[in-house]
Amino acid sequence: MSETSPLRTLLILGGTGDLSKRLLLPGLGQLIGSGRAPAELHVIGSGSRDWDDATWQDLLKESFAAARSEADDDGKEALDAAVRNGSYQQVDLKDPQRLVNDIRSLDRPLAVYFALPPEVTQSTVAALKPGDLPEDTRLVLEKPFASDEASARELNRMLADLLPESEVYRVDHFLGMATVMNVLGLRFTNRILEPVWNNLHIERVEIVFDEKLGLEGRAKYYDGAGALRDMIQSHLLHTMAVIAMGAPATLGQRDVRDLIAATLRASSVPEDYKRSTRRARWSAGEIDGEEVEAYADSPGVDPDRETETLAEVEIRVENDRWAGVPFILRSGKALGKTRQEAVITFKPVSHLPDGFTGSAGEASRLRISFAPARLELELNVNGPESVFTLERTGLSAPMHKSAMTPYGEVLDGILSGDPLVSVRADIAEECWRIVDPVLKAWAAGEVPLEAYPAGTMGPTEWESSRAGL
């Protein structure tokens, strides 16, 4: 696809679904309202429902409402035009030839967004043949990308038969989070950080994405995935790689993604999975004064699957920079507090003069909060009563937060042809390689499934649960 050719058409397979309504279309509305989307972009929804153009246009209008309220006059007109020009196609994904004909009938360049369950995406891609897709086509696939390393490799092979890698976008909306990508600027442009960003000075790194939210109507998907597949396998491993990667020569997509891939290739979970991994599931409890039933009793959940709602794994990055440093990745739902941050804990000073008391023995920490976007450096300072009695203080500052939602940022990259918002084929496979042995060990019952009441910070014996209080 020519880099200078603006996208003419965005076809959303599964456009009537929850992902499209909650995330894709509102993010697209931001782009159109701010003038960042290609002019006269034709937004086409598709699904199995018997909708007409007017029904789809009503959904576009509703989804664009927030963006329209913030847009200037030109933005409002662009949004109104996108609604008027929107159209709907009822598709049968079991009829690949009809899908091919529908795609070929659209104005190009075009992007086909698979806002579908992963198994449906995979079966649809498998039904397409080399030569089916016209030139100037991009394919956009949602995570989870396949279900293990072998299926990811097979899906990549099928995609390579259809299009060049540069026209395949594997979506991870964490790559559209400005706070995550801001780590690059924080690390590589500050002399006080880059020289100490290694195993000589850093003791451990923790990346946490805890939520108060429960299933929110996603039981069908989540019960087949769990916290490890849903969050750690994709989002948190990418965040870890951005934090741990070496300095790229440029911020070009190839330089950055090459170093992300190299970091992941060096990464693995220590094989004593009872020590290096943990899993748990919420039991009945209370969140913000409201009773929450146990996960196993939730509608749409099969309790015999033993799906974990809280997962924690230790990653070791075996290279010169990080050998010996544990990276702890944790994510869970129905917890007592939303906590989304990376915590870098530094090693103690080489020599602590005798006579200091108070917090003198506590390590310095750098906290990078993703929501809200903040930076905090925890240090020991002299206390008010005695100069030799130390106490903790935090130097904090807000970090830049994009005006776009993460999906708005991802769509911006897709529409403009920026591969940096996409997961490269080899990186997708590496992420599965890292977690596959853990998933097998859990399926075999090698690691017990623990419990925590909804509204707490997780099992109290987990150090990460106590740290979140």
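Phenylalanine 174 is in contact (heavy atoms within 4.5 Å) with Val180, Phe209, Met231, His235, Leu236 and Thr239, leaving aside its neighbours within four places in sequence. Phenylalanine 174 is found in the loop between strand 6 and helix 8 (178–188), and with a relative accessible area of 2% it is buried. Buried means under 20% relative accessible area, exposed over 50% and partly exposed in between, with a 1.4 Å probe and protein chains only. The C-alpha atoms of phenylalanine 174 and valine 242 are separated by 11 Å, the two residues being 68 residues apart along the chain.

This is a predicted model, in which local features need pLDDT of at least 70 and side-chain atom pairs count only at pLDDT 80 or more, while totals for chains, interfaces and linings use all residues. Residues are numbered from 1 along each chain as its sequence is written, and side-chain values use heavy atoms, with hydrogens and water left out. Helices (H or I, at least four residues) and strands (E, at least two) are DSSP runs numbered from the N terminus.

**Nonpolar cores**

- A nonpolar core is a set of buried Ala, Val, Leu, Ile, Met, Phe, Trp, Tyr and Cys residues joined through side-chain atoms within 4.5 Å.
- The largest such core has 99 residues, and Phe327 and Leu329 have the most contacts inside it.
- Helix 10 (residues 226–244) supplies the largest share of this core, 11 residues.
- Another core, of 36 residues, lies apart from it and includes Leu59, Phe64, Ala67 and Ala115.
- Not counting residues up to four places away in sequence, leucine 329 touches Ile207, Ile232, Leu236, Leu237, Met240, Ala311, Glu312, Val313 and Ile315.

- Six strands form an open sheet with parallel pairing, in the order 3-2-1-4-5-6; two strands pair if DSSP finds at least two bridges between them.
- Strand 3 (87–90) and strand 6 (168–170) are the edge strands, each pairing on one side only.
- On average, neighbouring strands of this sheet are turned by 20° against each other, direction ignored.
- Helix 1 (residues 18–33) packs on the sheet and touches strand 1 (9–13), strand 2 (42–47) and strand 4; its direction makes about 175° with that of strand 1.
- Axes are lines fitted to C-alpha atoms, for helices over the stretch in contact, and angles run from 0 to 180 degrees between N-to-C directions.
- Three bridges join strand 5 and strand 6 in the parallel sense, and leucine 139 stands opposite valine 168 in strand 6.

**Helix 6**

- Thr121, Thr124 and Val125 are the buried residues of helix 6 (residues 118–127).
- They cover an arc of only 100° around the axis, which puts them on the same side of helix 6; the arc is that of the directions from the helix axis to the C-beta atoms.
- The buried residues of helix 6 pack against helix 5 (96–104), strand 4 (110–114), strand 5 (137–141) and helix 7 (149–162).

**Aromatic pairs**

- The structure holds five aromatic pairs; rings of Phe, Tyr and Trp (its six-membered ring) pair if their centres lie within 6.5 Å, and planes under 30 degrees apart count as stacked, over 60 as edge-to-face and the rest as tilted.
- Tryptophan 322 and phenylalanine 327 form an edge-to-face pair, 5.2 Å centre to centre with 80° between the planes.
- Tryptophan 322 is buried at a relative accessible area of 0%, and phenylalanine 327 is buried at 0%.
- The pair of phenylalanine 356 and phenylalanine 388 is edge-to-face because the ring centres are 6.1 Å apart and the planes are at 70°.
- Phenylalanine 356 is partly exposed at 31% relative accessible area, whereas phenylalanine 388 is exposed at 51%.
- Tyr222, Trp282 and Tyr295 form one aromatic cluster.
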